[in-house]
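Biologist: I am new to this structure. Could you take me through it step by step, beginning with the terms?

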Amino acid sequence: MNRDSVLTPMTSSIILHVEDKADYFGLVLKTRSEGMVMARPEGVTSGQQPSGSGGPGAKPILLREQCDLCDGEPKCVRICPTKCIKAVD
Amino acid sequence: MFLANGRAGVIDLSSGEVSEQGLEEGLLLGRQSSLEVAERLASEHGSDSLVLGTGILTGSLVPAACAGVFRGPNGRAPLLGHAGVELKLTGFDFIVIKGAAPEPGYIWIRDGIIEFVPAPALKGMDSWGRTDKVRDQQGDRKIQVLSAGPWGDARSPIAQFVTNYWGGEDKAGLGAEFGRKNLVAVAFRGMGEFEVSDAGVHFESCARLRDEHISRLGRGEGLASFSKAAAREDFRSLVHRDSACFGCPYPCRSFVKVDEDPKVMALASKEPGYLHYDIVALEKAHSLGLSAREATQLMTKCARAGVEPCSLMSSGPREGFEGLLASPKEVTPASKDLLDSAWGSAISDRRMNEVCLGLGLCPRYWAKATFDLGSFGPCVESALGRGLRTDW
């Protein structure tokens with residue numbers, strides 16, 4: 001799973017992003033407790049509104065629901081083909 | 001109708017007319033569905049039509065359900081990466097492209113809309129420039145762009161269409177069809193959604209099947225899991241990351257960098273790099289004595305120009321490759337046997353390839369995972385509310 005386009009409809013709180021050239025990637029999760037969490041190779045940041053129209057802070061994140069962890073069993077973790085998403089306390 | 005839009009979009013480039021036609025569920029569920037339907041549409045609209053299509057399982061949660069198909073007069077090629085799924089999410093299961101445009105331009109498909117966008121400035125540009133330009137014009141970096149660069153414009157028999165920036169899927173000379181139709185690109189973006197019959201069962205059955213595959217296949221090594229050419233030390237030293245298509249747990253693509261430290265992943269990185277997928281081209285390059293770095297540089301140039309690299313490398317001594325790339329010439333395609341082996345030595349069952357591709361599944365993955373319709377029956381039935389035809 002390495003794009004935000006096909007597994008994350010507008011009702012999803014998670015966006016994956018990949019720059020084709022240079023093979024750069026990132027992930028944005030809209031949470032209830034920490035606001036926006038942005039994870040990328042450089043590290044994790046939270047509580048801020050990512051900016052930019054082409055990157056992981058693309059506008060549709062504003063329209064999405066906050067993550068409720070699927071009532072304790074996050075489906076994104078279960079279905080991630082490469083097991084790159086983990087749920088931690 | 002589950003997992004399908006139930007319609008094909010048709011654009012006649014000669015007249016500019018755009019229309020839609022319905023597709024019956026029975027047709028979409030048929031044997032080798034996308035291949036059969038593509039041929040049927042081509043026979044209906046003219047054998048010189050190009051047909052882009054998707055399988056009934058494309059975009060489902062069945063492992064590696066990433067594939068679409070591009071059918072031309074002289075052959076077909078898979079649409080992998082995220083192109084197949086994005087195409088299906090545009091609102092069309094198939095797109096038929098008829099005639100030839102009076103001026104250069106690209107087809108732009110999204111949200112159930114097909115239009116021709118005049119773009120004479122893109123003619124002559126390389127495929128990377130076209131992808132960047134289309135994405136800039138339409139304001140979305142996630143648009144999928146098929147184009148064939150200047151070699152496609154020149155209708156070279158060894159032109160290859162490139163998906164966004166990367167080549168390897170087109171071994172049928174489909175790139176030349178872009179030139180014949182005066183098309184500089186075909187672009188699409190999928191923002192739709194699909195219903196499945198029982199989402200909970202589909203999710204769980206597909207996750208279980210995927211887990212079973214992963215436990216059996218073990219840890220993948222990208223392209224090196226499929227070809228010794230990518231297991232060489234000089235290739236491994238260039239690998240930045242392995243990359244999977246939609247829904248694939250066992251990546252078969254390896255992204256390499258030749259000028260920057262491949263171990264660094266940062267937004268500040270400048271080198272475009274190259275996504276290796278084309279096993280036969282890499283093996284051909286190595287057989288000619290090219291290092292992994294030299295092979296990557298050559299294949300990058302081929303992707304930008306819209307050239308099928310095996311054919312280029314079969315056309316003469318390696319010293320002449322740069323000269324050939326500089327301007328499209330009449331170069332004979334490589335042998336059919338070589339091009340037909342594009343899926344790699346792991347796949348020898350042509351029929352299985354076609355069944356997989358027709359369903360929307362990646363043949364390269366399913367050759368590794370062992371294709372067995374019974375193994376994913378619950379995944380299919382929960383998605384479609386019925387089974388597939390089994391008379392194949």
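Modeller: Two strands pair if DSSP finds at least two bridges between them. Strands (E, at least two residues) and helices (H or I, at least four) are DSSP runs, numbered from the N terminus. This is a predicted model, in which local features need pLDDT of at least 70 and side-chain atom pairs count only at pLDDT 80 or more, while totals for chains, interfaces and linings use all residues. Residues are numbered from 1 along each chain as its sequence is written, and chains are lettered from A and ligands numbered from 1 in the order in which they are written.

Biologist: How many bridges join strand S2 to strand S3 of chain A?

Modeller: There are 4, and strand S2 (residues 24-30) and strand S3 (residues 36-40) of chain A run antiparallel. Val28(A) has Met38(A) in S3(A) as its bridge partner.

Biologist: In what order do the strands of that open sheet in chain A stand?

Modeller: The order is S1-S2-S3-S4, with antiparallel pairing. Strand S1 (14-19) and strand S4 (43-46) of chain A have a single partner strand each, so one side of each lacks a neighbour in the sheet. From one strand to the next, the twist averages 15°; such angles run from 0 to 180 degrees between N-to-C directions, and axes are lines fitted to C-alpha atoms, for helices over the stretch in contact.

Biologist: And chain B, which strands are at the edges of its open sheet of 3 strands?

Modeller: The order there is S12-S13-S14, again with antiparallel pairing. Strand S12 (239-243) and strand S14 (274-276) of chain B are the edge strands. The twist averages 25° from one strand to the next. Strand S13 (residues 253-256) of chain B is joined to S14(B) by 3 bridges, and Val256(B) stands opposite Tyr274(B).

Biologist: On to helices. At roughly what angle do H7(B) and H16(B) cross?

Modeller: The axes of helix H7 (residues 199-217) and helix H16 (residues 377-384) of chain B cross at roughly 160° and come within 8 Å. That makes the two helices, H7(B) and H16(B), roughly antiparallel, a term for angles over 145 degrees.

Biologist: Which residues meet there?

Modeller: Among them are Val201(B) and Leu209(B) in H7(B), and Pro378(B) and Ala383(B) in H16(B). Residues are in contact if their C-beta atoms, placed from the backbone, lie within 7 Å.

Biologist: Finally, how many residues of chain B are in contact with chain A?

Modeller: 31 residues of chain B are in contact with 18 of chain A. Helix H3 (83-88), H7 and S12 of chain B each give two or more residues to that side.

Methods:
Parallel < 35°, antiparallel > 145°, perpendicular 65-115°, else oblique. Contact = placed C-beta atoms within 7 Å.
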